[in-house]
Amino acid sequence: MMALKLLWRSWRGGQLGLIFGSLVMAVVVVTSVALLADRVERALVKESSNFLAADAQVRSSREMPSQWLVEAYDRGVMTAEMALFASMVYSGDYNHLASVKAVQDNYPLRGVLTLSETPFATKPEQFQQVDHGPPPGEAWVDSRLLPLLNMNLGDRLDVGEVSLRATRVIVEEPDRGGSFSLFGARVLMNWEDLAASGVIQPGSRVNYRLLLAAGDDDLADYLSWLEPQLAVHDRLLSPDEAQAGLTETLAQGRRFLLLAGSLGVVLAGIALALASRHFAVGQTATVALLKSWGVSARRVRALYWQQTLWLGLAGSLLGLALGWVIHEVLIVLVRELLPVNLPAPGWRPWLTGLATGLLCLLGFALPALWHLPALSPLVVLRRDMPVQLVGAIRRLLIGVVVVAAMLLWYSQSLAMTLAVLGGLALTAATVMGPGWLLLRLLRHLGNRAGSVWRLALGNLWRRRVQSLVLLAGFASAMAILMTLVMIRTSLLEEWRWQLAEDAPNHFLVNVAPHELAGVEKLLADNQLQSVGWYAMVRGRITLIDGQPPSEELVDSNEALRRELNLSWSSQLPEGNVVEWGAWWDQLGDFSGRYGENVAPVSIEQDLAEEIGVTLGSRLTFNVGGLTFEGLVTSIRSLNWDTMTPNFYILFPEGYLEKFPRIFMTSLYLPQDQKPFVNELLREYPTVLVIELDMVIDRIRTMVSQVTHGLELMTLLILGCGVLVMLSAVKLSMGERLQESAILRTLGSTGRRILAVQSLEFGALGALSGLLAASGAELALFLLQRRMFEAPFELHWALWACGPLLGALLVGALGVLYTRQSVTRPPLQVLSGL
Amino acid sequence: MIEASHISKEVATSAGTLRILDDVNLKVDDGEALAIVGPSGSGKSTLLGILAGLDLPSAGQVRINSEDITAMDEEGRAAMRARYVGFVFQSFQLLPSLTALENVALPLELRGDAHALETARRFLERVGLDARWHHYPRQLSGGEQQRVALARAFASQPKILFADEPTGNLDTVTGETINNLLFQLNREAGTTLILVTHERVLASRCHRRVELQAGRLVHSEAAMPVNS
Ligand SMILES: Nc1ncnc2c1ncn2[C@@H]1O[C@H](COP(=O)(O)OP(=O)(O)OP(=O)(O)O)[C@@H](O)[C@H]1O
Ligand SMILES: [Mg+2]
């Protein structure tokens, strides 16, 4: 009780505000991140347990042989067939290239479908869960399809030749991760309507799936019967395999969030340590007094432990509550990327938040208070009594240990903890090193300048430790914020610019040879021009250097699992560069040189690297059941920006021509000629149209949502930076008050002192801005090179705005915070000492 | 009874060892009022601190009720202080974040006194500050702060009250009230008073007066007993 009373009085006296604020911030940052990660993880894990909507699944590009179904029936294995394909769907004058899924009645075999009768429903009470597919004649669709087709639930939509009534919207499908898809909106229809629709023609690109479910033994039995029958284009998926990729994605997401969160915690920790130091100085008199009254060291210790604990609990609880609010906001900001139906969080994020609060106090606040119980009562008599503080080095070490402990707790990985710690240390060093030099430089400049400047810059140098801490906190937070803002605005803009106004925005794929002339004529009739036709053959890589690729490699590389588009060309296509090896024309006469039936092959460099292929590797291809070998004679890099068809694998002329081929092209379709797609698909329903403009829009939405979410996180981190600044300034407040009072009694005007202070903080802010700009520029440079493959370009806006905004922000905050050094009458200040 | 024998205090400074107190012998009976006088820097505050068990002498012993507090550890002395000692500091030592009332009540609250605030109120009234109980120290003048400090020392009703210049900042009228209070406490509760003062009047009201000069006790005389 006594402890609470003391705590309340300190709170009332304004001595705890910063400690409390820092604590709350640390907890908020961690809790919001942990809650988000936990809920998403739960949603995905829940989904992945019925990720296949079955116990096992066979995927193929052809329809399942009826023998498999019969055998399954005999062995007591439940089956459901389904087909996935892209197709134009129509309603009135509107159309959309949907991803259609035709399922049998008993789909899903495992898990449930979540539906709603309210489009865009988000409340669980609006959801219904069913374990069957739509009845014949009906379609269940993604909410977003309705506005796209300008229709309502209950209206009809056409898929090929059949007309279906859209009766419900889909909230969640068990076998679709997240609601986000680069492709068209989902239309779920009954398997029985598929034939009547006529959309599937020989050569159409359809993904067939056979869902299987049974008891463990029956299933194992059946699978061992089935496996020898699988052809190269068939692929068997068990739930474990389906989850492998997911686990990796989850871990990556969590890692990223953790990094952002831990920076916030570290900053808040620094603020907490500084504020606690200030608090401890203020408590010295109280403790000395208590001791002079005969309060024992044990009691003093107990009193302060209790106060710390109460403060920790209150701060953590508030932090948890605010963390919940922030995580809800985050969810809204990135909603497109998340499953609609997020389950409630478990207890772990709450515990993580609470532990963070208490650990922060333990690591950052307690060391500053540690000496209090041992304080000599003599301090009441003699102000100059030396006080045995816990040394700065030791406090730093304790702080590092606590941060390490927290990281270990969040990540459960020693390697990652060390990596993050190393990263933080590196950041601190790279900010503080140049910061120190800049401060020195400024002081030298100041010595030559007018007296106001000299005073201001001299102050910065005199309090350089405080200045550096402030610099590090602010600069790192600002650098992240700047990077994110630049990514969203500048990079995406630059990317758009690179695409010429009339760059191709549609791909036409899967055009059969007999359709070619007709499609060409249709294009010409509409005054449309394609970039030219590319012939290709669909085949897969079955052996590398005579060996089947390892299972691991297959799991991590889509290219080894599905059919690839193989093409041929005598010329090196535009935008391609041979990085290693030589193009055909430099190989001389190679026919038959590499052996009977062995063709020279040119492969794209990223693919080559991923599947471990180098110059001279032998690849075995399977095209429609026929195999032949190729020898890698060149490795190419591609330029994706041109939006013309690119091929991973190219052959010289004369090798693939004997296989059945299909054609593709790309073309620019002005917005007002969009209906051409309908016309084309009506006549050639098997042609696959990829609407690149839509894909780009989706990517842009996705990137902007992610950056919005990250920006919120960064604002929190910047908030922690502000706390660091305020606590650093508070530590020097007594000194500042005294200096200002003395200067004023000596005749200096308040205005002049204010000028000195604005300069001091402004200069510090400008320095932070400068360092932040260089940090952001570096980050952008790396990002640009790795992700966008754009040439290096200076972002002038950063260099101009960084120092300016930094100066304004830090200057304003600093002056606002220290203004009482000018407003308080000097006599009051001096007599209060 | 307080008994100090052969007290000396030395501190190490950059200029060598400084002897602040030199072989001081002193005995104060229960209920006695003693005045310590002497020029500034002569060691009065230091002596007071040692007698109260806030500090240790370099040599010599201090006994309170025949218990040797110089032989005790800090916790033992703390217990002794809690049991016997009240202190009025030369520099008041009010806590700036507490109101006058809370400052006075704090030692009582620490003791677990259920009526801490009432008692504190009563003592503030006795020093003439009941109207200012909710003010913070920074809102009070030096003399008013001094009176709050006195009220705080009185409120815990110690057996021995040490006061370092208790009326140093007060005008004659208020000083007189405070003096009356001090001696009233001394009379009514039998409190032993040990005062450091420059004031002739205050010193003369004590039973006995000792004078320190450069750390040595040079003069000890019985003052006129105070008539009731
Ligand atoms: N720990 C210490 N280190 C150095 N010097 C000390 C220490 N303690 C006391 N002194 C010195 O000893 C001398 C006596 O100090 P003390 O405070 O006891 O004097 P005083 O008689 O109370 O003076 P005043 O009347 O001004 O209050 C002073 O010169 C003081 O500076
Ligand atoms: Mg003194």
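Is B:Arg83 buried, partly exposed or exposed, and what is its relative accessibility? At 48% relative accessibility, B:Arg83 counts as partly exposed; the scale calls a residue buried under 20% relative accessible area, exposed over 50%, and partly exposed in between (1.4 Å probe, protein chains only). This is a predicted model, in which local features need pLDDT of at least 70 and side-chain atom pairs count only at pLDDT 80 or more, while totals for chains, interfaces and linings use all residues. Residues are numbered from 1 along each chain as its sequence is written, chains are lettered from A and ligands numbered from 1 in the order in which they are written, and side-chain values use heavy atoms, with hydrogens and water left out.

B:Arg83 has a charged partner. Its side chain forms a salt bridge with B:Glu67, and the closest N and O atoms are 3.6 Å apart; a salt bridge here is a side-chain nitrogen of Lys or Arg within 4 Å of a carboxyl oxygen of Asp or Glu. The two residues sit 16 apart and link distant parts of the chain, with B:Glu67 in strand E5 (residues 67-68) and B:Arg83 in helix H2 of chain B. Helices (H or I, at least four residues) and strands (E, at least two) are DSSP runs, numbered from the N terminus.

Helix H2 of chain B spans residues 74-84, and its buried residues are B:Arg77, B:Ala78, B:Met80, B:Arg81 and B:Tyr84. These five lie on the same side of H2(B), because they cover an arc of only 160 degrees around the axis, taken from the directions from the helix axis to the C-beta atoms.

Across all chains, a search of the whole structure turns up 25 salt bridges. Side chains of opposite charge can pair when their charged atoms come close. In chain A, A:Glu173 pairs with A:Arg186 in a salt bridge, with 2.9 Å between the closest N and O atoms. This pair, too, links distant parts of the chain: A:Glu173 is in the loop between strand E8 (162-172) and strand E9 (186-190), and A:Arg186, 13 residues away, is in strand E9. Both ends are tucked in, as A:Glu173 is buried with a relative accessible area of 2% and A:Arg186 is buried at 7%. In chain B, a salt bridge joins B:Asp22 and B:Arg19 at 2.7 Å, N to O. Here B:Asp22 is buried, with a relative accessible area of 15%, whereas B:Arg19 is partly exposed at 42%.

Ligand 1 lies between chains A and B. It has 13 residues around it, and those that come nearest are B:Ser40, B:Gly41, B:Lys44, B:Ser45 and B:Thr46; a residue is near a molecule if one of its heavy atoms lies within 4 Å of it. By class, this shell has three nonpolar, eight polar and two charged residues, where Ala, Val, Leu, Ile, Met, Phe, Trp, Tyr, Cys and Pro count as nonpolar, Asp, Glu, Lys and Arg as charged, and the others, Gly among them, as polar. H1(B) gives the most to the shell, with three residues. As for polar contacts (pairs of N or O atoms within 3.5 Å; within protein, one must be able to donate a hydrogen and the other to accept it, and residues adjacent in sequence count only if both atoms are side-chain atoms), a backbone N or O atom of B:Gly41 lies 2.9 Å from an oxygen atom of ligand 1. A polar side-chain atom of B:Gln90 also lies 2.9 Å from an oxygen atom of the ligand.

The peptide bond from A:Tyr107 to A:Pro108 is cis, with omega near -10 degrees, and A:Pro108 falls in the loop between strand E3 (94-103) and strand E4 (113-116) of chain A. Although not a glycine, A:Asp545 has a positive phi of about 50 degrees; A:Asp545 is partly exposed, at 45% relative accessibility. B:Ala214 has a positive phi of about 50 degrees as well, again without being a glycine. B:Ala214 belongs to the loop between strand E9 (208-213) and strand E10 (216-222) of chain B, and is exposed with a relative accessible area of 67%.
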